[in-house]
Amino acid sequence: MRSRLGAFYVAVLMLLLVLPLVVVGGVSLNGGQNLRFPPQDASFRWYGELFRAADWTGPLRNSLVIAAVAALIAVAVALPLALHAWGRGGALSRVLYTLGVAPFMLPPVITALGFLVFWVALGMYGQMAATILSHGIFLVTLPLVTTSLGLQGIDPALLEAARTMGATRGQVLRTVVLPLALPYIISGYAFAFVLSLNEYIIAYMVAGFTVETLPIKIFNSLRYGYSPIMGVVSVLFVGLAILVYGAIGIFGNLPRLLGAEQVREG
Amino acid sequence: MSGRDAATPTWLGLIPGVVLAALFLVPFGIMLAVSVALRDPSGSGFYTWGFELQSYARVFTFFVGRILFVSMTIAAGAAVISVALALPFTVILAQMSRRAQTVILVILLSVLSLSEVIIGFSVSTLLSQTAGVGNLLALLRITEQPRAYTPSLFALMTGLCYLTFPYSVLVLYPPVARLDPELVEASRTMGASPLRTFFGVTVPLLRAPILGALILVFVFALGSYLLPQVLGRPEHWTLSVHITDQAVYQSNLPFAAAMAVVLLLAALALVGLALLVARERRAA
Amino acid sequence: MHDLSLRGLTKRFGSVAAVDDLTLDIPGGKFICLLGPSGCGKTTLLRLVAGLEEPTAGRILVGGQDQTDTPTHRRNFGMVFQSLALFPHLSVGDNVAYPLAIRGTPRAQRRARAEELLALVQLPGMADRRVHQLSGGQRQRVAIARGLAIDPRLFLLDEPLSALDANLREHMQIELRQLQTRLGVTTVVVTHDQKEALTMADVVIVMDQGRVQQMGAPMEVYRNPANAFVAGFIGTSNLLPGRLLDTSTLDISGQRLALGPGDRVKCPPGPAILSVRPEDVRFGPDGLPAHVTFIRDLGESVQIILDHAGQEVTALFSPRERPEVAIGHAVTLTFAPGGCVVLAP
Ligand SMILES: Nc1ncnc2c1ncn2[C@@H]1O[C@H](COP(=O)(O)OP(=O)(O)OP(=O)(O)O)[C@@H](O)[C@H]1O
Ligand SMILES: [Mg+2]
């Protein structure tokens, strides 16, 4: 299938994939309060508005705080779990690993409802901490998978070499394992950050009426009054995702991270 | 990982163990308890603890049955279309240079991580009266007047395919990328055309991964919540929408929980099936 | 200058005894080569000594102290792995200084010592390079420098030169040997290249199936193999089955062969194997009848392959001594005085 036909097929699908984003980008440039494409009286007016209009800056700040902290929690849970599964194996670590991956395999509404009743029972329903913790647990999967991949790529001889040179188990972890896994841990953090930023249903169910995030705000705007700011937020989200994944693609090995090869490196 | 002792201390597993048990298993346990709790008739609180199967009785009614049927049909349709489009795409992608692969993967990942809200908004804008397709067709004088194509089943399916296509590619990517290229080359040297090779060699070799991908994409589409509301009509609403509706607007948590438990069991069964299929492939 | 002693050292993997009841005393300050065919347990033995594997039975003593239960990181050995195991995330200098960093040596001191070690292995000024910017031979030297950083009590190397091309390997063999002589550290090198073992070692230990077959100075092992396995494994040997009639007479396929005073007999009368090095095979007026089957000119020597009663015999001559024979010629074989070793079959 290395024919021209194949390349054409890929190009057409990529074009279709990018098309809605182009339209949204165009819409965000409208001068007035309307969603036309091609845009009329093109200006960057709404880009400034996002950071000025009080009803958008709040959700913007909420989203950023939630994503930053939740991704940190996800890494904090995933890292010891990945290390444990890698260093010991065994039934317990398999069970834990499955638990870590499970939230991502199921329809998110189930997890969302689970968190809803949980926080209601604890009396934390509607608080930002609830959203953050829920996202943190929901997104454990991503750093768990990337970190495990990174750990599997480490040559066991490096660990033995460190031991023969006098390093204790803790020192081996600190001076060899963590530095080598760091790029994968950072990738995991980045994945979790981007996905938390875009997550809707859990944020909505756990604290949708009190802690508005950007996706919730966009959805509300879809119902109660369109504004080109929605286009602006979409453009920023797409831009951020491309930036993050692009960086991983440039500094890391994206095909390997997504499971293309089983080679060792490092 | 020396021959003498493990690379990590034992207590390291305790942290994720405790956290996941407390924040993941306990919520599911509570949800299970809520699904058999008594609905508070006063409407002030959500429910009172107790045991009754009334919520489950309601799940197995014609009303919920139809919702489940609609959800599954829509999800299955989206899964089949997406995987059918994604399979040749992935096969070609895996043969590209690492650079080209990285660029395309970056775009796919970016689209995949986009909020359903944004995808819904983008597709609805594209299909709206004032922007995108409607406008374009009017400009080209194919139609008299710009018209909107949303909300409709067509818009919903477009949105769902847009949502699931990158996911399908990424699910198919590992098995396709690890496929021995010599098998395909062997077929080519024996005179088979690229198309014939694709259907005669590549597809049969990938039968198990394709089946696994279909199931996973189906579950993924089943979970979509915003697209049916933004792009579809009320009759296209999925179980996810109804669960949220019951939980948040009707304040009927026990019923919502019962539906979620049923959805959970269905999804678990399907994911288990997908994993089983994948394992059989490895054993073969 | 620490001696290494093994007492009944055994390591089993399931039913396989990778190292089988080994008892050895290796004198301090020497350069030892562990030699043997693939799978004979060399790596396992080295890993046992380093503490990377737990012995099934037996003790390990270094400088008279029992080390069997000392964890790897407290043994203060230096080790070079076959894959080198250089840390890709550290610079060359930091790799070399890693054992010092682990022991809390101050940065400036570490830096100075790394420079000193790099100079020792002829890589001065390379401390700030990344590992992947080095050639294979340079990486080898970095790994050696790293292994020597703490003045180890024992220096263990597992096939350190096997990844290098032939020229570089010979060069590194000499360099490694000179380095060891200068530092006097007790060094154990695993290799399956017998030429390498003969050029570098003070003491060669030949292993097979987890057991020591012979231990001794290289020329001693070469000239005087303890058994047929060693004779066949070290260098090329002609091994001819026969019968030992009495302590000085051998019967090879019906031909009587008188053994001289320099020849060695290592088995009682009865079935035996005669081991003769190719360079000790001569053509003479009377001896074993044979005919030439092939002649190979190797430049520095000439190899003549012969057939004696269905047995292949190889003879080696310098070009100057090359006899006037051609393929098919009949000759009679004699053996140089002191060239015969009679072994148990
Ligand atoms: N971790 C292990 N588990 C099971 N068997 C092992 C293990 N390590 C080694 N063995 C077995 O022990 C025997 C000796 O292996 P070892 O690696 O010591 O051989 P070696 O002499 O180093 O060989 P080579 O020259 O090929 O490196 C082999 O039969 C091998 O299969
Ligand atoms: Mg070995």
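In this predicted model, a polar side-chain atom of C:E159 sits 3.5 Å from an oxygen atom of ligand 1. That is a handy place to start looking around the ligand. With ligand 1 taken alone, 630 Å² is exposed, and the protein buries 59% of that. At C:S38, a polar side-chain atom comes to 2.5 Å from an oxygen atom of ligand 1. At C:G41 the backbone takes part instead, with one of its polar atoms 3.0 Å from an oxygen atom of the ligand.

So much for single atoms; the surroundings come next. The residues around ligand 1 include the run C:S38, C:G39, C:C40, C:G41, C:K42, C:T43 and C:T44. Also on the list are C:F13, C:A18, C:E159 and C:H192. Sorted by class, this shell has 6 polar residues, 3 nonpolar ones and 2 charged ones. Helix α1 of chain C, residues 42-50, gives the most to the shell, with 3 residues.

Chain C also touches chain A. The contact takes 18 residues from chain A and 18 residues from chain C. Between them the two chains bury about 1,700 Å², and carbon and sulfur atoms carry 67% of it. On the chain A side, A:E160, A:T164 and A:M165 stand out: they supply 40% of the area that chain A buries against chain C, more than any other three residues.

A:E160 turns up again when charges are considered. Its side chain meets that of C:R47 in a salt bridge, at 2.6 Å from N to O. The rule finds 1 salt bridge across the interface of chain A and chain C. Two helices of chain A, α8 (156-164) and α9 (169-198), each supply at least two residues of the side that touches chain C. The largest share of that side, 7 residues, comes from α8(A). By class, the residues here divide into 9 nonpolar, 6 polar and 3 charged.

What about chain A and chain B? Here the contact takes 91 residues from chain A and 90 residues from chain B. The area buried between these two chains is about 8,300 Å², of which 78% comes from carbon and sulfur atoms. Salt bridges between chain A and chain B number 0. Polar contacts do occur across this interface, though: the rule finds 10 residue pairs, both members at pLDDT 80 or more. On the side of chain A that touches chain B, helix α1 (residues 4-27) of chain A gives the most, with 14 residues. That side has 68 nonpolar, 15 polar and 8 charged residues.

Stepping back to chain A as a whole, there are 13 helices and 0 strands. The C-alpha atoms of chain A fill a box of roughly 70 × 60 × 30 Å along the principal axes.

Salt bridges close the survey. Over all chains, the structure holds 17 of them. One is in chain C, where the side chains of C:D69 and C:R59 meet at 3.3 Å, N to O. C:D69 lies in the loop between β5 (65-66) and β6 (78-80) of chain C, while C:R59 belongs to strand β4 (residues 57-62) of chain C, so the pair ties together parts that are 10 residues apart in sequence.

Technical notes:
Residues numbered from 1 in each chain as written. Chains lettered and ligands numbered in written order. Heavy atoms only, no water. Contact = heavy atoms within 4.5 Å. Buried area = accessible area lost by both parts, 1.4 Å probe. Salt bridge = Lys/Arg side-chain N within 4 Å of Asp/Glu carboxyl O. Polar contact = N/O pair within 3.5 Å; in protein donor to acceptor, adjacent residues only side chain to side chain. Helix = DSSP H or I, 4+ residues; strand = E, 2+ residues; numbered from the N terminus. Nonpolar A, V, L, I, M, F, W, Y, C, P; charged D, E, K, R; others polar. Near = heavy atom within 4 Å. Areas by Shrake-Rupley, 256 points an atom, 1.4 Å probe, with all protein chains shown as cover.
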